[in-house]
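Dear colleague,

I am handing over the structure we spoke about, placed just below. My notes on what was found in it follow, and I would be glad if you read them beside the coordinates.

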Amino acid sequence: MSIPVFDSRAQIASLWSRLRQAIDEVMRSGHFVNGPNVRAFEEEVAAYLGLKYAVGVNSGTDALVIALRSLGVGPGDEVITTPWTFFATAEAVSLVGATPVFVDIDPATYTLDPGLVERAVGARTRAILPVHLYGHSADLGPLRDIADRNNLVLVEDVAQAFGGRYRGGLLGTVGDVGAFSFYPTKILGGFGDGGLVATNDARVAETARMLCSHGAKDPYLNETIGYNSRLDEIQAAILRVKLERVESWVEARRSVARRYAELLGGTDGIVLPYEAEFARHVYHQYTIRILGGRRDYVRNTLAQAGIETRVYYPVPLHHLPPYRNLGYRLLEAERAAGEVLSLPMWPELGPEHQARVAEVLNKAVGRSS
Ligand SMILES: Cc1ncc(COP(=O)(O)O)c(C=O)c1O
């Protein structure tokens with residue numbers, strides 16, 4: 001039995017005829033950019049989030065760049081963020097001309113440690129950029145307080161946590177802006193790249209919309225240097241169909257996570273994902289820790305049994321070439337890099353596959369200790 005780390009085929013099969021119809025309608029309309037599906041999706045996703053404005057863009061990376069620029073973050077500014085994330089988070093900060101200031105993570109949730117954020121605020125700090133990693137919320141309450149007390153903006157990187165919650169509220173709605181990705185493996189994924197800037201601030205939404213259309217509110221009357229970064233009609237049509245199901249997929253992911261916890265709980269040397277009392281974890285990844293320096297051995301054993309896993313992430317951002325000259329030592333992120341392992345996870349993952357993962361994993365951890 002070979003088990004991939006992610007598989008979208010069951011999800012697509014369950015919606016096949018509706019997706020086909022949605023794509024066919026776009027083809028028949030001949031309208032591929034700035035069309036009715038994008039506007040409808042923006043309204044529907046704003047309603048789902050309970051926010052006033054949603055602006056579709058080309059990717060989650062662009063959502064972060066456009067969010068930061070719409071909030072006035074730019075050259076000379078510092079943005080406090082996490083080293084334990086996909087590269088795009090810090091890359092977006094650098095792309096707007098600002099400097100990322102890396103602060104270590106809470107090892108239980110893998111998200112920014114608010115106590116350390118407070119101490120990192122300085123004269124040039126303009127923004128805090130937490131990431132809801134693996135589907136688990138950052139501790140947004142204290143981060144919002146620090147932002148408010150210091151006159152900073154708060155941008156949530158929600159790329160991995162669509163549908164996740166903080167104290168009951170949907171992620172992406174506590175910050176000044178939520179930046180989302182619709183990359184195909186995400187909780188709400190398209191058939192290509194896509195992203196979203198979501199906010200309650202009319203001015204920010206207007207600026208975001210202008211920036212993603214070459215800095216023009218009216219065609220050919222360009223006011224600033226922007227981007228060509230639009231969500232396209234086919235992606236929007238697909239995302240509209242999928243948005244209706246997203247809550248059921250989140251619940252299914254949570255069931256898969258519960259089953260893993262039953263199968264793997266009590267094995268010495270494995271640390272299971274933690275769900276803080278403030279969070280609804282949506283398990284974009286089911287990421288465990290393998291202690292005792294045995295992660296790579298365990299990963300290889302799983303691979304030999306046909307079970308695919310991933311290491312998110314092998315190197316924390318502050319040790320990658322673009323940032324390593326900044327000289328950070330961030331011990332929790334560095335420790336995580338040697339211990340984490342993301343197991344197969346998707347909403348339709350069946351119990352027999354999970355039992356097989358657990359059998360091989362438990363044996364590998366026992367054998368190598
Ligand atoms: C945490 C995080 N931020 C940003 C991004 C960038 O999103 P995209 O790939 O849509 O540009 C990703 C993902 O892929 C991500 O995981």
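Asp-104 touches Asp-113, Leu-116, Leu-330, Leu-331, Glu-332 and Ala-333, when residues up to four places away in sequence are not counted; two residues are in contact here if their C-beta atoms, placed from the backbone, lie within 7 Å. This is a predicted model, in which local features need pLDDT of at least 70, side-chain atom pairs count only at pLDDT 80 or more, and totals for chains, interfaces and linings use all residues. Residues are numbered from 1 along each chain as its sequence is written.

Asp-104 lies in the loop between S3 and strand S4 (105-106), where helices (H or I, at least four residues) and strands (E, at least two) are DSSP runs numbered from the N terminus. Asp-104 counts as buried because 25 other C-beta atoms lie within 10 Å; the cut-offs are 20 or more such atoms for buried, 12 or fewer for exposed, and partly exposed in between, with C-beta atoms placed from the backbone. Tyr-328 is 224 residues from Asp-104 along the chain, yet their C-alpha atoms are separated by 9.8 Å.

Leu-263, which lies in helix H10 (residues 246-264), is partly exposed, since 18 other C-beta atoms are within 10 Å. Leaving aside neighbours within four places in sequence, Leu-263 is in contact with Gln-354, Ala-355 and Ala-358, while Leu-263 and Arg-165, 98 residues apart in sequence, are 26 Å apart in space, C-alpha to C-alpha.

As for confidence, the chain averages a pLDDT of 97, and 99% of the residues score at least 70, pLDDT being the predictor's confidence in each residue, from 0 to 100. Among the elements of the chain, strand S7 (residues 153-157) has the highest mean pLDDT (99) and helix H14 (residues 351-368) the lowest (91).

On the overall fold, the chain has 14 helices and 15 strands, and buried residues make up 48% of its 369 residues. The radius of gyration, taken over C-alpha atoms, is compared with a globule rule of 2.2 Å times the number of residues to the power 0.38; the chain has 21 Å, which agrees with the value near 21 Å that a compact globule of 369 residues would have. Of the contacts with a separation of 6 or more, 70% are between residues 24 or more positions apart.

The domain assignment gives domain 1 (9-243) and domain 2 (246-368), with bounds that come from an automatic or database domain assignment. The contact between them takes 32 residues from domain 1 and 29 residues from domain 2. On the side of domain 1 that touches domain 2, helix H1 (9-14), strand S8 (165-166) and helix H9 (233-243) each give two or more residues.

Which residues come nearest to the ligand? Of the 15 residues around it, they are Ser-59, Gly-60, Thr-61, Ala-159 and Ser-181, where near means that the C-beta atom, placed from the backbone, lies within 6 Å. Helix H4 (60-70) and helix H5 (88-95) each supply at least two residues of this shell. The buried residues of H5 are Ala-88, Thr-89, Ala-90, Ala-92 and Val-93, and their cover includes H4, strand S2 (78-81), strand S3 (99-102), strand S6 (125-129), S7 and helix H12 (321-324). Just after H5, Gly-97 takes a positive phi of about 90°.

With best regards
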